[in-house]
Amino acid sequence: MFTTQKSILGFQGFEIPPENLYTMQSCEESELERLIRDLPSAGGKIVMPECTINTTNGIVLPDNVILEGAGMGKTILSNRGDSAVSLHGENIIVRNFTVEGNSASLNGINGYRTKGNVLVEFIEAKNFKSDQGAGISFLTQDILPNSRVTIRYSSVSNSLHGIDIKVHTRAQMLVYSNQAFDNGNYGIDLSTNEDIEIAGNYLHDNYVAGAKSPSADNIIYHHNDINFNGKASAKQDNAGLVYMGSNPDAVIIVENNDLSHNGGKAFECWSADFHRLVLKNNNVTGSLDANGYSIGAVGVDVVEVHSEHGKIWTNGADNLIYP
């Protein structure tokens, strides 16, 4: 059986029959579409070769499917349509390839219609729309409550946002050991999410901020390097890390991060109403504003939060957070 390891949050694994393994024999979009269309109801694993596959329509993945390439920069889906890979079901893994857009391409990996339990790993996503696109995007109101998504060991750049997650139900999300850089707004953009962990990511040189989370609840940022973000001096949310919501139930934990050398503040909080904000053991040196923290609300709790995780974007090579 094809299986993956489980973690506390995020993707929980699934099984498909081992005989349902299909290898592409060419680099034609039509063959990849045919293999997906002809998958049995139990699902299957499709392996793409080391080559460039030009996609005009974009690839749509149903339930119970693994789409795997030969590695980032080796298997390349060069997209000319809306989104390179769209996830339209649950129990989906995409791994080990590059998705590359042009001026007409909206998203690299698009989870708009996914029902959850998705793993995105070892994906390079770059050059999607600078005014609204994202390298990896989960913008959906259809995702199942308490569904699980993990995004790890991926690199996203040169879009409006690197990783864009706006899920309107409680969903257990795990985002770790990714690199997001040179994006027009945010390395990671979150909204109305609950139960999400952002760990060990390298977020740098994004124009407005390394990460933003409006109205999020039960969110923890830890062991991230968030550096050299916030070049847009006219933006009020220009910072390394931004919390902009107003949520009386929100618990936000920011600990053991390197928030150095960012424009504006290292951490900017515009909320006037939240339950608990924990700021602990963060390096805030070298920011444009020497104060480091800007808290637009009353009260900052410092509590002991234990972590056994590793640190920093690794591209999966070593020092893994969830080995």
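This is a predicted model: local features need pLDDT of at least 70, side-chain atom pairs count only at pLDDT 80 or more; totals for chains, interfaces and linings use all residues.
Me: What share of the residues is buried?

Reply: Buried residues are 61% of the 323 in the protein. Buried means under 20% relative accessible area, exposed means over 50%, and partly exposed lies in between, with a 1.4 Å probe and protein chains only.

Me: What part of the contacts joins residues at least 24 apart?

Reply: 70%, among contacts between residues at least 6 apart in sequence. A contact is heavy atoms within 4.5 Å.

Me: On to the helix. Which residues of H1 are buried?

Reply: H1 covers residues 29-37, and its buried residues are Glu29, Glu31, Leu32, Leu35 and Ile36. They fall within an arc of 165 degrees seen down the axis, so they line one face of the helix. The arc is taken over the directions from the helix axis to the C-beta atoms.

Me: What covers those buried residues of H1?

Reply: The cover includes strands S1 (21-23), S2 (44-47), S3 (52-55), S4 (59-61) and S5 (65-68).

Me: Stay with S3. Do S3 and S6 pair parallel or antiparallel, and over how many bridges?

Reply: Parallel, over 4 bridges, with S6 at residues 76-79. Two strands pair if DSSP finds at least two bridges between them. Thr52 has Ile76 in S6 as its bridge partner. S6 also pairs with S8 (residues 90-100), in the parallel sense over 3 bridges. There, Leu77 stands opposite Val99 in S8.

Me: New topic. How many aromatic pairs turn up?

Reply: The whole structure holds 3. Rings of Phe, Tyr and Trp (its six-membered ring) pair if their centres lie within 6.5 Å; planes under 30 degrees apart are stacked, over 60 edge-to-face, and the rest tilted. Phe11 and Phe14 make an edge-to-face pair, at 6.0 Å centre to centre and 85 degrees between the planes.

Me: Is Phe11 buried or exposed? And Phe14?

Reply: Phe11 is buried, at 3% relative accessibility. Phe14 is buried too, at 10%.

Me: Which residues form the aromatic cluster?

Reply: Phe122, Tyr153 and Tyr176. Tyr153 sits in the loop between S12 (148-152) and S13 (155-157). Tyr153 is buried, with a relative accessible area of 4%.

Me: What is phi of Tyr153 near?

Reply: Phi of Tyr153 is near 55 degrees, a positive value in a residue other than glycine. Most residues other than glycine have a negative phi. Asn127 also has a positive phi, near 70 degrees. Asn127 lies in the loop between S10 (116-126) and S11 (134-140) and is partly exposed at 28%.

Me: Next, Asn110. Where is the place of Asn110?

Reply: Asn110 is in strand S9, residues 107-110. Asn110 is buried, at 12% relative accessibility.

Me: What does the side chain of Asn110 reach?

Reply: The backbone nitrogen of Tyr112, at 3.0 Å. Leaving aside neighbours within four places in sequence, Asn110 contacts Ser83, Val85, Ser86, Leu87 and Ser137.

Me: And where is the place of Tyr112?

Reply: Tyr112 is in the loop between S9 and S10. Tyr112 is partly exposed, at 47%. Tyr112 and Ile165 are 53 residues apart in sequence but 9.8 Å apart C-alpha to C-alpha.

Me: Last one. Is Asp258 buried or exposed?

Reply: Asp258 is buried, at 18%, in the loop between S24 (247-255) and S25 (265-269). The Asp258 side chain makes a 2.8 Å polar contact with that of Ser260. Not counting residues up to four places away in sequence, Asp258 touches Asn224, Asp225, Ile226, Asn227 and Asn283.

Note on methods. Residues are numbered from 1 along each chain as its sequence is written. Side-chain values use heavy atoms; hydrogens and water are left out. Helices (H or I, at least four residues) and strands (E, at least two) are DSSP runs, numbered from the N terminus. A polar contact is a pair of N or O atoms within 3.5 Å; within protein, one must be able to donate a hydrogen and the other to accept it, and residues adjacent in sequence count only if both atoms are side-chain atoms.
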